[in-house]
Amino acid sequence: MIQHAIVRLPGESFAEGMTSVNLGLPVYARARQQHEEYCAALEQCGLKVTRLEADEQYPDSTFVEDTAVLTEHCAVLTNPGAPSRAGEVESIGKALSPFYSELHYIHDPDTVEGGDICQAGNHFFIGISARTNETGAQQLARILTAFDYTSSFVDIRKVEGILHLKSGLAYLGANCLVVIEALANRAEFASYDLIRVGDGDEYAANCVGINGSVLVAAGHDGFDARLRKMGYQTVALEMSEFQKMDGGLSCLSLRF
Ligand code: CIR
């Protein structure tokens, strides 16, 4: 059972963050509103939500998922591949210290961002991307091995349109993976039951399974209906302002 979530409120500097998409500037008030609805949905799924104050110095810091990899047995603070985000990690370490007796770190020059890490039971898919390098992936895998987790690497550097592995992949439990078409034929996923998303629904692949519910981005009704038909209880959330900054549902929280 997931019990906690840590989020960071978007700051007024949010629009100064990095983005690769051309969807216009995010509107701050709308981002705050969508963020609040997101937190309410986490609470509705039974999580206790720790809301960290906005940090104006780091425009991308609302995307807390990238700063840590959390499991039942260990917490790993990452080393973001985006230099402008490196300073976000320290305060997340402080927020996590009441929950974990020991914190592990990814060290320079190796980089890892949490958005590239997808846990599927006791196995971790580690994306190799523009943000997570091969040695970072290896460093993380070594830490996870010490806690009896297995891992495998998924190189996404040639996959267009996704920043992180989880931009196109989500694990919903019970061997079920949501995956974009561009990744669906990878050998790494062959033994899973795949829910393939395509045809303009790619953004919805970044959904979040929490204790039997699934948070999905609003506006992807066909995908939402498919999940419901499979028996999942879905919660649709407006994400327009975060999408403008390359962020999805998973990026907005650390869940453990
Ligand atoms: C960035 O480029 O780092 C942010 N604008 C978006 C990060 C999104 N995080 C995620 O997908 N895990």
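Helix H3 covers residues 134–146 in this predicted model. At 1.5 Å a residue its 13 residues should span 18 Å, and the end C-alpha atoms sit 19 Å apart, so the two values agree.

Which residues of H3 are buried? They are Gly-136, Ala-137, Gln-139, Leu-140, Ala-141, Ile-143 and Leu-144. For reading that list, recall that an α-helix has 3.6 residues a turn, so residues three or four places apart point the same way. As for what covers the buried residues of H3, strands turn up a lot: E3 (68–70), E4 (75–77), E5 (103–105), E6 (117–120), E7 (123–128) and E8 (150–155) are included. After the helix comes Asp-148, with a positive phi near 70°.

Now to the ligand. Around it are 14 residues, and Met-18, Asp-60, Asp-66, Met-245 and Cys-251 come nearest. Sorted by type, the shell holds five nonpolar, three polar and six charged residues.

How much of the ligand does the protein bury? Taken alone, the ligand exposes 350 Å², and the protein buries 98% of that.

Methods. Residues are numbered from 1 along each chain as its sequence is written. This is a predicted model: local features need pLDDT of at least 70, side-chain atom pairs count only at pLDDT 80 or more; totals for chains, interfaces and linings use all residues. Side-chain values use heavy atoms; hydrogens and water are left out. Helices (H or I, at least four residues) and strands (E, at least two) are DSSP runs, numbered from the N terminus. The expected span of a helix is 1.5 Å times one less than its number of residues. Buried means under 20% relative accessible area, exposed over 50%, partly exposed in between (1.4 Å probe, protein chains only). Contact means heavy atoms within 4.5 Å. A residue is near a molecule or strand if one of its heavy atoms lies within 4 Å of it. Accessible areas come from the Shrake-Rupley method with a 1.4 Å probe; for residues, only the protein chains shown count as cover. Ala, Val, Leu, Ile, Met, Phe, Trp, Tyr, Cys and Pro count as nonpolar, Asp, Glu, Lys and Arg as charged, and the others, Gly among them, as polar.
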